[in-house]
Amino acid sequence: MRFFTSRHRNRAAAAAVVASLSCLALVAPSDATVSLPPQAVGVIRGHLVDIPVKGGTATVDASSLRVTARTAHGTVELSAPAATAPGAPGPVARTADGGVRWSYPGSGLAVTARAEEGRLVMSVTATGRADRTLSWPVTGTDRAASALQLPRGEGLSLPVADRFWNSAEAQLVGSDLPLESALSMPLWGYTLGRQGVSYLVPTDIGTSLRTASDRGRLRATATHRFSRAEGTTRYTVAFSLTDGSPVAPAVDYRAWLSERGQLGSLREKIRANPATGKLLGAFHAYLWGDARKAAGVRQLRALGVDGMWLGYDADDRPMDAAAVTAAKDAGYLVGPYDSFANGQDPKTSDAPTSVWPDRVYPDFCVRDADGKPVPGFHDRGCYLSSEAFEKAEPTRHHLADRTRAMTANGADSYFLDVDAAGELFRDHSSAHPMDRARDRANRLARMKRLADGDRLVLGSESAGAWANQVLAFDHGSGTPVVDGLWKAQRDKEKWGGYAPANAPGVFFKPAELPEAVAKAMYDPAYRVPLYETALHDSLVNTERWELSYDKLPKQKTTRALLAMLYNTPLNFVLDGASLKERGGELAALQKYFAPLHRAAGTEAMTDFRDLTADRSVQRTVFGDGVLTVTANFGGSPHDGLPGGCVDATLKGDEKPRRLCPGTPG
């Protein structure tokens, strides 16, 4: 069952927003590279190096790795000196590409710095054989720093002096966030008065970000672990000066992906597989009980719902061919949940997805440094090695056979749990050794086979941006999860358990989040669309599957407004009873959403701004004005838009289309 298979289930106020954050516009994402004049090369001044970048000149101090920048608005500190001193540097020399290089003989580190597409790109390489760490860059130290941007789920922009986020109850300060798994994109950023800075780490594996409260202000320091065995001997950080918008780091990342041919296109995915087009305008739902039957599907369509993605667990009651046919006749996508991550003894397994033929279990188990199997989620069985599967697949076809069996009912979509979520493994097995980079490459390869070879509309859990080219949708990267959510879910009395089988309380029972958790996850004063800014036109993003729209009654209005503002679908769980009781509400929301998403789902988010100083009113634009959305999260009207309502205008509309989801009727 899906609630067993991912370790990610158990992982880990508005007035405080400074006025300088309000009314900051997002410059339309550009796919063009930034051309610097031929003379824009590094200038060496002893241990100081000046490198021209877009928006100013960066200066790197080789003696400490301190980085500053001279801009039209003054000089700013992009990084304080490294927290782990690298030692005395050798002489600074030029490189053939116009950059510079130097080394730290005492610590076995070599550094290059150069201008690249308007950015300062610095790479640190470990030249010795011993493992070591480097804590750098040290960011948020400039006195002008006013907000920290973090791509936790969809994204956050946090006023650096905010008392809540500097406190323990926010569950941020003191936490180490692995870039490849805890954040949806390998970046962070700061607003520095009238400008900003973006930090992008393409070598995300082996790098973590730690946030600290320094005299009541948020600081963020990256730490990279250099290891030959882990394949993490090179560490790269790209610094960009930005306009200070809270989504500017995502604009920079989008440009980085585009420059390297790594930005997927939902439009191209639809062209390659027309069934993918059924994602446009569709809400998402996992089905239980009678909702999985053909009659339940027809009931949903009879409500007027003309677009859905329907999923179901791989249990002993999957959707049959008749139900799948009914879904496809209704214009819906339909597919099973599956996981390639867990293996158990077939004699005692508690989940069909954990049962494999031959000796996949235990031969394919990931092994730790002592040669022991790495326990699976909730210590069930073991995690299975993607390398073991890849080596066996050409002759033994375990994954292909599994997929063929799971889609024998005619399903045209597939949800593959965990694969894109970023929990990567080093496998010490002598039969199938791999490092985390190899694990990621294997996952990308098998997801690509599902999407391209099997022509399935593929989704995965909480997709990291690195998977954007192979996925059509994901469930989870819309949710900025904090650890307090997992604690709340463990309280089965309040949250619900795994019974009854046809409508488990863990999914269907309404629940209330602890106040601090709700604030950290859903307060609009802190939410910003980083993921959508970078990837809206690459894949369809939703919230976590277990946080259905009906699960959190107190957040329903806010979540509906966020979904419409970001042009992203709502996610539901449905059984026969909920179809009857709340199907009308789902239908009304989908009717509003569908034309907006069909028009703008394949467009980039080109503008995001706050219309009020407290961030209670926010606006987005998609494409060249194809869609403009304004959401009022406050309690008072703003320019005629009532609190708790959203206005959306498609190009050509004579007046906005209004939705007030919390209003009866």
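Student: Which residues of helix H7 are buried?
Tutor: This is a predicted model. In helix H7, residues 398–406, the buried ones are His398, Leu399, Arg402, Thr403 and Met406.

Student: How wide an arc do they cover around the axis?
Tutor: Only 125°, so they sit on the same side of H7.

Student: And what's exposed on the other side of H7?
Tutor: Arg404 and Ala405.

Student: What covers the buried residues of H7?
Tutor: Several elements, including strands S20 (308–312), S21 (333–339) and S24 (413–417). Helices H5 (360–363), H6 (386–396) and H8 (436–453) are also among them.

Student: Switching to the sheet. What's the strand order, and is the pairing parallel or antiparallel?
Tutor: Eight strands make an open sheet, ordered S27-S26-S25-S24-S21-S20-S19-S28. The pairing is parallel.

Student: Which are the edge strands?
Tutor: S27 (540–542) and S28 (571–574); each pairs on one side only.

Student: What does the twist average?
Tutor: 25° from one strand to the next.

Student: How many bridges join S25 to S26?
Tutor: Three, between residues 457–461 and residues 473–475. Ser460 is opposite Asp474 of S26.

Student: Which strands does H15 touch?
Tutor: H15 packs on the sheet against S19 (283–287), S20, S27 and S28. Its direction makes about 155° with that of S28.

Student: At what angle do H3 and H15 cross?
Tutor: Roughly 35°, with the axes coming within 10 Å. The crossing is right-handed.

Student: Which residues make that contact?
Tutor: Gly296, Gln299 and Leu300 from H3, with Leu579, Lys580 and Leu586 from H15. By type, that contact has three nonpolar, two polar and one charged.

How values were computed: Residues are numbered from 1 along each chain as its sequence is written. This is a predicted model: local features need pLDDT of at least 70, side-chain atom pairs count only at pLDDT 80 or more; totals for chains, interfaces and linings use all residues. Side-chain values use heavy atoms; hydrogens and water are left out. Axes are lines fitted to C-alpha atoms, for helices over the stretch in contact, and angles run from 0 to 180 degrees between N-to-C directions. Helices (H or I, at least four residues) and strands (E, at least two) are DSSP runs, numbered from the N terminus. A crossing is left-handed if the near helix is turned anticlockwise from the far one by less than a right angle, and right-handed if clockwise. Contact means heavy atoms within 4.5 Å. Ala, Val, Leu, Ile, Met, Phe, Trp, Tyr, Cys and Pro count as nonpolar, Asp, Glu, Lys and Arg as charged, and the others, Gly among them, as polar. Buried means under 20% relative accessible area, exposed over 50%, partly exposed in between (1.4 Å probe, protein chains only). The arc is that of the directions from the helix axis to the C-beta atoms. Two strands pair if DSSP finds at least two bridges between them.
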